[in-house]
Amino acid sequence: MALYRKLNRETRIRRSILAGLTKTVLDNGYVETTEERAKEVRKFVDKMITYGKRNTLVSRRQALAFLNNDSELVKKLFNEIAPTYVDRNGGYTRIIKLKERRGDDALIVRLELVK
């Protein structure tokens with residue numbers, strides 16, 4: 001049994017998709033995508049917020065590495081997003097089911113940060 005979803009993609013493409021969706025959630029506060037992708041992206045968003053809560057040089061570099069050296073987003077993560085979750089031990093995101101996509105009936109959900 002795999003510990004992660006492969007999403008029918010090669011490794012490099014899958015990592016790129018997950019990094020892009022993670023950046024969108026951290027930047028905008030939400031993203032609308034399929035349920036499978038949202039469940040996988042949730043892990044990475046939670047990990048990035050945990051890095052932000054640690055606020056060490058190592059965690060900052062790890063966040064930079066995953067977010068493709070987007071220094072502005074990392075600053076926002078460490079200075080604005082992570083401090084709002086200091087008293088919370090996980091569960092930084094929620095998934096809200098919206099509709100089924102026309103054509104392939106994939107369930108579209110909204111992954112958003114909990115305020």
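In which strand does Thr34 lie? Thr34 belongs to strand β1, which covers residues 30-34. The model described here is predicted.

## Thr34 and its contacts

Thr34 is a buried residue, because its relative accessible area is 15% and the cut-off for buried is under 20%. Residues up to four places away in sequence are not counted in what follows. On that basis, Thr34 touches Arg101, Ala106, Leu107, Ile108 and Val109.

## Helix α2

Helix α2 runs over residues 35-54. How far apart are the end C-alpha atoms of α2? They are 29 Å apart. At 1.5 Å a residue, the 20 residues of α2 should span 28 Å, so the two values agree.

Glu40 sits in α2. Its relative accessible area is 3%, so Glu40 is buried. With neighbours within four places in sequence left aside, Glu40 is in contact with Tyr4, Arg5 and Leu18. Tyr51 is also found in helix α2. Tyr51 counts as buried because its relative accessibility is 14%. Which residues does Tyr51 touch, not counting residues up to four places away in sequence? They are Ser59, Gln62, Ala63 and Phe78. Tyr51 and Ala82 are 31 residues apart in sequence, yet their C-alpha atoms are 8.3 Å apart in space.

Arg42 is another residue of α2. Is Arg42 buried or partly exposed? Arg42 is partly exposed, because its relative accessible area is 30% and the buried class needs a value under 20%. Arg42 is in contact with Thr93, Arg94, Ile95 and Leu111, leaving aside its neighbours within four places in sequence. Arg42 and Ala19 are 23 residues apart in sequence. From C-alpha to C-alpha, Arg42 and Ala19 are 11 Å apart in space.

## How α1 meets α2

Two packed helices are described by the angle between their axes and the distance between the axes. The axes of α1 and α2 come within 9 Å. They cross at roughly 65°. This crossing is right-handed.

Which residues make the contact? From α1 come Ile17, Leu18, Leu21, Thr22, Val25 and Leu26. From α2 come Arg37, Glu40, Val41, Phe44, Val45, Met48 and Ile49. By class, the contact of α1 with α2 has 10 nonpolar, 1 polar and 2 charged residues. Glu40 of α2 takes part in this contact, and Glu40 is buried.

## How α3 meets α4

The axes of α3 and α4 come within 10 Å. At what angle do they cross? They cross at roughly 135°. The two helices are therefore oblique to each other. Their crossing is right-handed.

On the α3 side, the contact is made by Ser59, Arg60, Ala63 and Leu64. On the α4 side, it is made by Ser71, Val74, Leu77 and Phe78. By class, this contact of α3 with α4 has 5 nonpolar, 2 polar and 1 charged residues.

## Two asparagines with positive phi

Asn55 follows α2. The place of Asn55 is in the loop between α2 and α3. Its phi is near 55°, a positive value in a residue other than glycine. At 46% relative accessibility, Asn55 counts as partly exposed.

Asn8 has a positive phi of about 55°, although Asn8 is not a glycine. Where does Asn8 lie? Asn8 is in the segment before α1. Asn8 is exposed, because its relative accessible area is 77% and the cut-off for exposed is over 50%.

Conventions. Residues are numbered from 1 along each chain as its sequence is written. This is a predicted model: local features need pLDDT of at least 70, side-chain atom pairs count only at pLDDT 80 or more; totals for chains, interfaces and linings use all residues. Side-chain values use heavy atoms; hydrogens and water are left out. Helices (H or I, at least four residues) and strands (E, at least two) are DSSP runs, numbered from the N terminus. Buried means under 20% relative accessible area, exposed over 50%, partly exposed in between (1.4 Å probe, protein chains only). Contact means heavy atoms within 4.5 Å. The expected span of a helix is 1.5 Å times one less than its number of residues. Axes are lines fitted to C-alpha atoms, for helices over the stretch in contact, and angles run from 0 to 180 degrees between N-to-C directions. Angles under 35 degrees count as roughly parallel, over 145 as roughly antiparallel, 65 to 115 as roughly perpendicular and the rest as oblique. A crossing is left-handed if the near helix is turned anticlockwise from the far one by less than a right angle, and right-handed if clockwise. Ala, Val, Leu, Ile, Met, Phe, Trp, Tyr, Cys and Pro count as nonpolar, Asp, Glu, Lys and Arg as charged, and the others, Gly among them, as polar.
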